Structure formats: C-alpha cells, structure tokens
Amino acid sequence: MPQNAMKKEQTPETLRAMVHKCFGEEMDMRSFRPLDEGYCNMAYAMELSDGRRVICKIAPEDKSRFLRVEVNLMQAEVRAMELVQEKTRVPVAPVYQYDDSCTVCKSPYFFMKELKGQSLASVRDSLPPAVKEGLYWELGQMERRINQVTHDTFGFVGDERTFADWFSAFSRMMDDLFLDAEAKKIDFGVPFDTLRARLRQDEDCFRAVTVPQLIHWDLWDGNVFVLDGHICGLIDWERALWGDPLMDDRFRRHERNEAFLTGYGQKEFSTGETCRILWYDLFLYGVMMTEGAYRGYPDDSQYEWAKPLFAQSFRELQLLKSQEE
C-alpha cells in the first residue's frame, strides 16, 4: 500500500469489534485483507459471516497531518455518497453504517458494499482505445449528473465554514493552502504574495459562478471502477464540495481528454472559464506539492511531478492576463 505516516493498520480484534458494533453481535468477520490503494484512509475488504462482501474505511488518528482544506473527510464522504445515491443515477456503493463515536476504534469509520469490477487505473493500459473513449464519455455524463445536485452555500461538504459566494470560498481554500505550504517551507516556484495578489486581480471571473453545485473533485482513474466495459461505481468522495464544476479533477491539464468533454457536453471555454480552470490547476498542484510534508511520504516524487505543472499553469495564467490587456 502507499506508504505514509497517516495510515494505521488495525488488529483483527478491533476489526471484529467494529463489525459487531455496526452489524450486531451475531455477525462475524470470516476474512479480511488491507487494500493497497489510497493515500489517506486505511481500508479493508471483508467477508462477513452472512456472505456479504464489504469495505471498511477508517480515518487517520493523527489529525495534525491533515491540511487545512481537509476537514471532516469521512463525514463528508458518507454525506456525499448518500446525496448522490438519493438524487442521481450515478453508481456509488451503498453505505451500511457510519460510526464516529470512537469507542471501538480510535477514529471514525464506515462500512460500505464492495463494488464489483476494477479501478480504471489498474486496467486502463490493457483496454482497447474505443473502450477507453467510451468509459471517459460515460464519466463525462456522470460528472454532469453529479453537478446537477445543488446547495445554497459554497464550500467543502465536510466543512462547517460556508460561504455565500464562490470567490470567498475559493480564496479561503487558497489562503489555507498557502498557510500550510508556508509552515513547511514548500517552494511553489512563485512567491505566495504574488499568487495572493493575482487571485485578487482575477476575482471577477469567479463572480460568474452563482450556483453551488456538487463536485467530486478527485475523479482520477483510481477512483473510477469499471466492469464489462462500463463504469460500475465512483469511490472516494471525501473531498466533495459545493462550487464550480470546472474544479473537478477531470478538467485538470493532466486528466482532461476529448471523450470526457464530449460526454460532459462542453468542449469550449470562455476566457473567464479558462482563468478559473488555471486557478483550479494551481490549487490541485499546490496541494500535491504540500501534502507529502504532512503525510510523511517516503520521497519527493509527487512534489517533483506537480511543480512543473504548477509552473506551466501559472505561465498560462500570466499570458491570459496579458492577452486581455
């Protein structure tokens, strides 16, 4: 599994106690195995004594290793999954039980149904091009349905802080990121004060976003499950937020592709939308450059991967501004 200081394995006795608390004393755990995917929560695949196959996700105990933008992640994930299941036809795993009492386990956790299929990331390279294009088209369709779920305020689903307008919400996210990066002396390649000033200059393009729409925010291929050439489920909703759909991961420069955009129904972007897309690039790549220092990643490979992408997006943002002038 990805190595970092946040993920903590549980003993079989603790896992069994969690099963009993959520499913009743008559239920037992026939087998379990830790899952390799994921960089934050600990997860186990289990078979229960009634034959059900479930996934148990457990939040980290050490809250000091979270970024400021990572608030109540497990609560947010459960809430987002319930909303999507209730209001859309997008496939998500049903949640059986959520327990944040921290009585039998020191962290919140929940049980959900195990999805069939495999992650798109694990099978992508073996798929015919036409099948891959079809999957990304499906994903665009699903993203559009997710975005149709709306709210009355902006901000992360798990954050008690809410905002009446999108610029206030997004600028708070960026400020929180800058504070975390400054605390660990992370070099973004651009001075933080320069970024803060530039964001204020671009405030008007954010004012065009007036409806808080639901966003998964982390729809990379590892969070997309596929079976028989179709998407059978979307996982890892803990970073879901109410905001601008263009903030989702699939619109980032390293993920965006024509099949997804065709499925989503938007292949052209206005100057204001392009400005926001570039700022969402900066936010994601800034998070990726910063989080390793908090989570205790064994090397700087993620930082080294994200930094040139951050630089490229900032150059394009500067060029966009000069073209406007």
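This is a predicted model: local features need pLDDT of at least 70, side-chain atom pairs count only at pLDDT 80 or more; totals for chains, interfaces and linings use all residues.
Colleague: Which helix gives the most to the lining of the second largest pocket?
Modeller: Happy to start there. The second largest pocket holds about 200 Å³ of space, and its lining includes N41, F66, L73, M74, Q75 and Y98. With three residues, the top contributor to that lining is helix α2 (residues 73–87).

Colleague: How many residues of that lining are nonpolar, polar and charged?
Modeller: Among the lining residues are A59, P60, K63, E70, N72 and P108. Sorting the whole lining by type gives two charged, three polar and seven nonpolar.

Colleague: What distance does α2 reach from its first C-alpha to its last?
Modeller: Good one to check by hand. The helix has 15 residues, and at 1.5 Å a residue the expected reach is 21 Å. The model comes close to that, with a reach of 21 Å.

Colleague: Why does Q141 count as partly exposed?
Modeller: Q141 sits in helix α4 (residues 129–147). Leaving out residues up to four places away in sequence, Q141 touches G263 and Y264. Buried means under 20% relative accessible area and exposed means over 50%. Q141 falls in between, so the label partly exposed follows from its relative accessibility of 27%.

Note on methods. Residues are numbered from 1 along each chain as its sequence is written. Side-chain values use heavy atoms; hydrogens and water are left out. On a 1 Å grid over the protein atoms alone, a cavity is a set of points where a 1.4 Å probe fits but cannot get out, and a pocket is an open set with protein on both sides within 12 Å along at least five of seven lines; lining residues have an atom within 4 Å of a point. Grid points are joined across faces, edges and corners, and a volume is the space filled by probe spheres set on the points. Helices (H or I, at least four residues) and strands (E, at least two) are DSSP runs, numbered from the N terminus. Ala, Val, Leu, Ile, Met, Phe, Trp, Tyr, Cys and Pro count as nonpolar, Asp, Glu, Lys and Arg as charged, and the others, Gly among them, as polar. The expected span of a helix is 1.5 Å times one less than its number of residues. Buried means under 20% relative accessible area, exposed over 50%, partly exposed in between (1.4 Å probe, protein chains only). Contact means heavy atoms within 4.5 Å.
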